[in-house]
Amino acid sequence: WEPLAHDQIRLGQKASYGEEVVPFYRFDQAKVIVSVDADFLGTWMAPTTFTRQFAEGRKNPKTMSKLVAFDSSYSLTGANADIRVRIKPSQQVDVVMGLAHDIVVKRGFGKYAGQSQVKTALEKFANVSARLSISPSNWNKLVEDLIQNKGESLIVAGGLAGQTAQAHELQIAVN
């Protein structure tokens, strides 16, 4: 047993890509960053490196990245977010699934759009913003920002409730 082994992240990577690795995120190359209980500026994985990268991506006010943090406890990442949404730990999966629903089902974006089994699986996460402490306009703006910045957005999930490999696999799929 290793307290910082990130086993579920590695297993999610293996299920998605075939290799059991802990990914190295590039916050400096992301225009939109969504953190779901991943305090990457404070305690999660490699905070010194991630802080430097994040600062690099925010140097130019005209092109600086946008950070939206969904936190179940106040974190350094949440304190630096453009938008911070307080959530319960049990709502972590709701955030990721809600984003997946609105991107894939509602907006029809991505390779899973139009698949009936995906629509059925995600349907209970429709209107998730009503269950979270985020206004529908901010939620819709976030979804649009993620779609418009395809390939230049990043969703990181640090403490997904239950820490299952499937939850991390979903976070990978939304990315």
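User: Which residue is the bridge partner of Val34 in β4?
Analyst: This is a predicted model, where local features need pLDDT of at least 70, side-chain atom pairs count only at pLDDT 80 or more, and totals for chains, interfaces and linings use all residues. Residues are numbered from 1 along each chain as its sequence is written, and side-chain values use heavy atoms, with hydrogens and water left out. Strands (E, at least two residues) and helices (H or I, at least four) are DSSP runs, numbered from the N terminus. Across from Val34, the bridge partner in β4 is Ile155.

User: How many bridges join β1 to β4?
Analyst: Strands count as paired if DSSP finds at least two bridges between them. In β4, Val36 has Ala157 as its bridge partner. The pairing of β1 with β4 (residues 153-157) is parallel, and its bridges number five.

User: What is the strand order of the open sheet?
Analyst: β1 also runs parallel to β2 (residues 66-71), joined by five bridges. There, Ile33 stands opposite Leu67. The sheet has four strands with parallel pairing, in the order β3-β2-β1-β4.

User: Which are the edge strands?
Analyst: An edge strand here pairs on one side only. That applies to β3 (83-86) and β4.

User: Is β1 largely enclosed or open, and why?
Analyst: Buried means under 20% relative accessible area, exposed over 50%, and partly exposed in between, with a 1.4 Å probe and protein chains only. Val32, Val34 and Val36 cover one side of β1, Ile33 and Ser35 the other, and all are buried. Five of the five residues of β1 (residues 32-36) are buried, so the strand is largely enclosed by the rest of the structure.

User: Which residues does Ala126 contact, leaving aside neighbours within four places in sequence?
Analyst: Ala126 lies in the loop between α5 and α6. Its C-alpha atom is 7.2 Å from that of Asp102, 24 residues apart along the chain. Contact means heavy atoms within 4.5 Å. With those neighbours set aside, Ala126 is in contact with His101 and Arg131.
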